[in-house]
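Look over the model shown here. The report below covers a hairpin, a helix and the nonpolar cores.

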Amino acid sequence: MMTETLIQSDREMSAPAPSPSLALELSALSKRYRVGGGMLRAARELQAVSEVSLRLRAGETLGLVGESGCGKSTLARLLLGLEAPSGGDVLIGGEPLHRIDRRALARRIQPIFQDPYSSLNPRRSVASIVRLPLDVHEIGARTERASKVVEMLDIVGLPRRAARQYPGQLSGGQRQRVAIARALIMRPDIVVCDEPTSALDVSVQAQILNLLMALREELGLTYLFISHDLSVVEHLVDRVAVMYLGRIVEERTREQLFKGARHPYTQALLASALTPEPGLGVPDAGLGTVMPDPTRPPAGCAFHPRCPRAEARCSQQAPAMPPVGTPGGRAACHFA
Amino acid sequence: MGRFIFRRTLVALGVALTVSIISFLLLHLSGDLATAIAGPDATAAEIARIRVQFGLDQPMIVQFYHWFTDVLQLDFGQSYYYQSSVLSLIADRLALLVAVIGQAMPSFWFGLALIILFAVQLQWLPAAGHEGWQSFILPAIALGYYATPAMMRLTRAGMLEVLESDYIRTARAKGLRTPTVIFKHALRNAIIPVVALAAVELGFMLGGSVVIESVFSLQGLGQLAWDSISRNDFPVVQAVVLIIALFYIALTLLSDILNAMLDPRLRVG
Amino acid sequence: MALLDIRNLRVDLPVETGTLHAVRGIDLSVERGEMLCIVGESGCGKSMTSLAIMGLLPRRAQVRADSLTFDGIDLTAISERRRSDLRGARMAMMFQEPMTALNPAWTLGNQLIEALRRHRRVSKRQARERAVELLERVGITAAAERLSQYPHQLSGGLRQRVMIAMALMCGPDLIVADEPTTALDVTIQAQILRLIRELQQEMGTAVIFITHDLGVVARIADRVAVMYAGEVVESAPVEALYARPGHPYTRGLLECIPAPGRTAPGSRLQAIDGVVPSLVGELEGCAFRNRCPRAEPCCAQTPPFASLEAAHRARCHFAATVATVATDSREALCS
Amino acid sequence: MLGTDKLGRDMLSRLIFGARISLFIGIAAALISALIGITLGILAGYFGGRVDSVINYLITTRLALPVVLVALAMASLVGGSLTTVVVLLGLLLWDRFAVVTRSATQQLRDSEYVLSARTLGCSLQWILLREILPNIAGALIVVATLEMAHAILLEATLSFLGMGVQPPLPSWGLMVAEGKAYMFFKPWVIAIPGVALFVLVLAINLIGDGLRDINAPDGRN
């Protein structure tokens with residue numbers, strides 16, 4: 001196993017050797033925003049993503065969980081090339097993301113967003129939305145594109161007559177199928193699913209989750225699955241990374257994480273997840289009511305003001321995160 | 001709040017500077033001023049004399065510098081036509097203008113219709129001039145009527161939107177009586193865009209007064225500008241444009257500060 | 001006698017294409033100190049029901065009921081003025097969006113105090129004291145200083161705590177909570193739910209808790225009403241509902257969410273196919289039959305409520321069968 | 001049919017020809033200002049940050065200038081004519097286009113379908129013109145009708161004051177000005193063009209309202 005530091009020095013010296021089994025590799029990826037700055041006002045700095053290192057093998061599904069504002073959506077935007085990182089690097093199939101042409105990148109990594117209402121252009125027909133990637137990349141002749149669209153509608157389980165409809169005429173689940181068809185028509189290797197079912201009703205959520213699982217099987221896709229719903233994550237992913245205030249605080253395989261989480265924040269998340277079992281009541285995860293200001297993260301461990309286990313050193317010394325690939329998973333906690 | 005007002009004032013000053021540059025450039029770039037002042041029948045010698053007299057032979061930047069430093073001392077120069085100080089000319093008529101700008105944008109035809117109906121047919125009010133307060137009623141109505149529908153619409157739309165909002169439902173869920181819900185919770189939030197529009201409309205009215213004053217033969221600021229335009233008396237035109245712009249800027253500044261008092265969320269630069 | 005008793009409540013809304021029957025004749029009753037959860041998906045009429053109870057529906061909505069009685073008061077017969085005397089005093093409400101439910105232009109203190117001063121003859125000082133006391137009770141630190149803060153200065157979780165304090169200002173008998181934790185993160189949601197449950201038991205307040213989340217329902221409810229397409233399709237004590245769901249829709253809802261121990265990771269989930277029928281115009285027969293795996297011709301007739309056991313009723317022709325096969329077949333269905 | 005004016009010209013035919021002039025000026029000025037305003041607005045809304053600050057500043061500055069006075073002054077310098085009026089009004093009426101485009105673009109900029117177009121590698125031009133613009137077109141058509149009406153009224157004002165369209169072209173504003181001297185004896189001389197103006201502007205505003213209703217949000221359900 002390569003350690004994190006090795007990768008970093010490697011990258012500084014020369015382009016890393018492409019490792020074919022790795023679909024996606026993030027090394028010390030960071031993103032800072034300046035917020036609140038106006039014409040005459042100094043901006044404050046928001047560390048949205050901080051030193052995130054992760055690896056995804058081809059065909060693997062990595063779940064990314066954390067509460068709103070923890071930086072998981074920013075991370076998705078960095079991977080999709082929608083934002084430039086402030087530090088660190090993303091390797092896609094071993095190739096640095098910043099060296100990949102925007103259009104070439106589009107063929108390798110595609111998103112599925114949360115809100116099926118805003119993710120489709122309301123002025124375009126379903127056929128035009130699904131065909132858009134082919135149009136932009138000028139792939140195939142007219143008839144070829146049309147037949148590819150029909151094929152794609154079949155794959156995602158939409159009736160062919162839907163092609164002529166507009167997003168406004170479709171239900172939430174159908175819209176999400178259209179978004180999936182658009183993301184997959186160019187057969188990308190990696191799909192970033194940013195809360196793909198959290199805007200849907202539970203009965204529809206199951207349909208979309210089934211579809212995502214079937215497509216992963218058929219097309220050999222690699223998923224980065226971002227969600228706040230732990231039961232969905234547990235059902236779908238191979239490995240889980242937990243994010244808090246811009247950092248990965250714990251990463252483990254699914255079995256390890258759901259059976260033996262080591263970071264107090266992960267433990268709190270798991271305790272707060274309400275499974276449909278009557279009689280258990282609402283558990284107390286022991287978190288306080290203090291919410292940290294992300295532009296002024298607490299010193300030491302960022303979680304210490306809410307942590308039930310915090311001790312004096314937690315407010316002074318930030319716990320180290322073991323390197324990527326540590327056997328048995330890793331957690332950034334002094335007591336892990 | 002103090003910092004907000006300070007920042008907002010700085011921006012207003014910046015806009016004022018830009019407007020003064022534009023009002024200067026507008027007149028100096030759109031044609032040869034000396035020729036325009038001298039009139040169509042002037043000889044080349046006369047034009048040259050005017051050019052030197054008004055400093056129009058100097059580089060643009062020098063001309064602007066002189067004009068701008070003078071403006072800072074409230075010296076808008078000499079009127080080409082009246083041959084007197086622009087400032088005193090404007091000060092005389094500003095009072096008259098303020099009386100009329102209680103309201104809005106012009107409709108010269110609406111003004112004429114008012115004259116025909118109230119001055120000629122009914123003979124209730126004077127048709128022209130400014131003797132006594134009665135003379136201002138028709139011009140004020142003519143100026144004001146244009147803005148009224150826009151304000152009413154915005155107030156209505158704002159009110160309807162606010163009444164649909166969650167916090168109104170919260171207020172009603174507390175059992176508050178309808179007048180409390182409307183006047184305490186809804187109006188304060190609905191009035192914010194209206195305050196902003198009112199400032200903009202007031203600014204427009206200043207500019208629009210030229211037409212109404214012409215219709216009612218009022219010797220106001222607008223009429224002064226209009227006369228000066230027809231006489232190619234550009235320092236006056238320039239100063240009127242600038243003063244109206246400054247009025248507008250002051251009004252929007254005021255409305256921003258007022259809105260920040262109404263809504264605490266706006267109290268950031 | 002029940003604190004709140006609803007018989008055949010209907011809510012109609014005029015829409016462009018006709019009349020939307022948002023609530024189509026529901027019966028509900030809430031006992032004192034009870035936590036009733038109304039669960040259902042978007043558009044099932046659960047929010048309309050809650051607003052109808054509070055008398056907060058938009059004017060264009062038409063509300064009819066055979067009976068709508070709160071503590072012996074016939075709510076359909078009293079004036080709007082009398083109704084508003086009850087609102088905030090004896091029945092209070094909490095909303096979903098903590099970010100928009102508080103007026104941005106007024107301080108928290110002002111908004112808390114006015115709730116009390118509207119209904120009780122107390123001085124400003126007494127009202128302030130009550131507000132501080134309640135803010136502290138809902139877990140807000142430095143409560144006295146918070147009174148002069150504006151809503152935008154607080155996080156979502158804190159605002160929802162303020163909403164709880166606001167609802168409790170007059171010590172109501174009934175709180176209607178419309179998805180109060182849906183907009184919150186899971187850890188905050190758990191804290192707020194604990195708080196609501198604690199306060200409810202401590203003060204003996206009845207709560208109608210509206211949600212789409214079966215996980216939440218399982219953990220806090222005493223009794224549950226499941227709504228679908230404007231109707232209550234099943235109502236039961238919480239244990240009975242989860243152990244022996246009598247309506248195919250309830251069963252479908254329980255089976256389609258991944259649950260550790262029941263659904264194997266990566267396995268196919270039991271989705272409910274199809275979509276909810278349109279509620280514009282009249283709807284004949286069982287509203288769920290177009291999505292129901294066991295629909296039969298008789299489902300074209302509106303099914304009656306079948307009583308399964310004490311206080312457990314389901315609106316299905318086959319309720320008895322559904323309830324008995326449910327427990328043992330669930331494992332089989334998911335393997 | 002409607003009689004003649006002081007020079008014996010037929011009012012009706014002048015009125016009808018005047019309508020053509022009013023409409024031409026309204027449409028042409030609205031087009032020019034739309035081009036300026038939409039370009040500035042979409043750039044400000046999409047890029048935000050410094051670009052937005054600068055363009056917002058431009059808009060504020062433009063709003064601070066009194067339109068009628070500036071138009072009058074410029075027309076008097078350049079000389080009133082149909083072209084002058086159209087160009088001047090086009091250059092002065094873009095503010096509302098810019099404001100509306102800017103705020104509408106801001107709302108769409110971070111919408112997920114624009115993000116998704118960006119991840120597909122669409123060019124900036126494609127995103128602005130083919131993804132964003134069609135979705136704000138509805139609002140812009142309404143602004144266009146408003147500005148058309150505004151331009152027509154302003155042209156009539158300029159012509160009324162003698163700085164707009166020059167005689168013998170039959171602008172309605174000019175017709176009112178010409179009739180002003182006789183209005184106490186023959187009120188219809190100013191009433192007819194005035195009513196025509198009123199009806200035209202009202203009609204355009206009503207069309208704008210109608211278009212607004214047609215374009216009402218059809219997106220969500």
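Two strands count as paired if DSSP finds at least two bridges between them. This model is predicted.

Strand E12(C), residues 306-309, pairs with strand E13(C), residues 312-314. The sense is antiparallel, over three bridges. C:Glu309 has C:His312 in E13(C) as its bridge partner. Two residues lie between the strands of this hairpin. In the turn, C:Ala311 has a positive phi of about 60°.

**Helix H4 of chain B.** H4(B) covers residues 60-72, 13 residues in total. From first C-alpha to last, the helix reaches 18 Å. That is close to the 18 Å expected at 1.5 Å a residue.

| Class in H4(B) | Residues |
|---|---|
| Buried | B:Gln63, B:Phe64, B:Trp67, B:Val71 |
| Exposed | B:Ile61, B:Tyr65, B:Leu72 |

Seen down the axis of H4(B), the buried residues fall within an arc of 95°, so they line one face of the helix. An α-helix has 3.6 residues a turn, so residues three or four places apart point the same way. The exposed residues of H4(B) are on the other side.

**Nonpolar cores.** The largest nonpolar core has 200 residues. Within this core, C:Leu174 and C:Phe209 touch the most other members. Helix H7 of chain A, residues 202-219, supplies the largest share of the core, nine residues. Leaving aside residues up to four places away in sequence, the contacts of C:Leu174 include C:Leu3, C:Ile53, C:Phe70, C:Met91 and C:Val207. Another core, of 76 residues, lies apart from the largest one. Among its members are B:Leu206, B:Val236, D:Ala44 and D:Tyr57.

Conventions:
Residues numbered from 1 in each chain as written. Chains lettered and ligands numbered in written order. Predicted model: local features only at pLDDT ≥ 70, side-chain atom pairs only at ≥ 80, totals over all residues. Heavy atoms only, no water. Helix = DSSP H or I, 4+ residues; strand = E, 2+ residues; numbered from the N terminus. Expected span 1.5 Å × (residues − 1). Buried < 20%, exposed > 50% of the residue type's maximum accessible area, 1.4 Å probe, protein only. Arc of directions from axis to C-beta. Core = buried A, V, L, I, M, F, W, Y, C linked by side-chain atoms within 4.5 Å. Contact = heavy atoms within 4.5 Å.
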